[in-house]
Amino acid sequence: MIVGAVNDRLEAVLSLKLSGYDGRSHGVAAVIDTGYSGYLTLPPDLIQTLALPRLGRGAASLADGSEVSFDVYQSVIEWYGQDRTIQVDEADTTPLVGMAMLEGHDLHIRVTEGGRVTIE
């Protein structure tokens with residue numbers, strides 16, 4: 001089970017451990033976003049810090065109907081105590097965990113400040 005907590009803005013937050021391909025690792029607090037279909041977003045400065053390899057470009061439609069394009073990278077994340085290779089979308093915002101990361105899992109959120117977030 002992966003456990004997180006709901007913050008004071010009622011966001012479900014997970015603490016994740018990412019590894020770059022140069023051996024460096026970094027802890028990241030990421031918000032679960034059920035409206036995001038990818039695996040994970042990271043800001044450009046963290047992508048650079050982890051020296052993640054670039055895979056190419058991606059595109060998405062936002063909730064307001066606008067289209068955006070972004071760079072896509074590869075990273076290794078610790079998930080259930082094991083390394084899992086995932087795609088990371090570059091976004092200059094708070095890191096987001098998307099539905100591709102949660103596929104096949106059950107998500108439970110006690111939506112209150114300090115509430116428990118579990119992924120099973």
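Where is the place of Leu 10?

**Figure 1. Leu 10 in a loop.** Leu 10 sits in the loop between β1 (2-6) and β2 (12-19). Its phi is positive, about 60°, although Leu 10 is not a glycine. Strands here are DSSP runs of E with at least two residues, helices are runs of H or I with at least four, and both are numbered from the N terminus. The model is predicted: local features need pLDDT of at least 70, side-chain atom pairs count only at pLDDT 80 or more, and totals for chains, interfaces and linings use all residues. Residues are numbered from 1 along each chain as its sequence is written, and side-chain values use heavy atoms, leaving out hydrogens and water.

**Figure 2. Ala 51 in a loop.** Ala 51 lies in the loop between α1 (44-50) and β5 (54-61). Phi of Ala 51 is near 55°, a positive value in a residue other than glycine. Buried means under 20% relative accessible area, exposed means over 50%, and partly exposed is in between (1.4 Å probe, protein chains only).

**Figure 3. An aromatic pair.** Rings of Phe, Tyr and Trp (its six-membered ring) pair if their centres lie within 6.5 Å. By this rule there is one aromatic pair. Trp 79 and Tyr 80 form this pair, with 6.0 Å centre to centre and 75° between the planes. The pair is edge-to-face, a label for planes over 60 degrees apart; under 30 counts as stacked and the rest as tilted. Trp 79 is buried, with a relative accessible area of 6%. Tyr 80 is partly exposed, at 35%.

**Figure 4. The chain around these views.** The chain has two helices and 10 strands. From the N terminus on, the elements run β-β-β-β-α-β-β-β-β-α-β-β. The C-alpha trace spans about 40 × 35 × 25 Å along its principal axes. Of the 120 residues, 40% count as buried.

**Figure 5. Contacts across the chain.** A contact means heavy atoms within 4.5 Å. Take the contacts between residues at least 6 apart in sequence: 55% of them join residues at least 24 apart.
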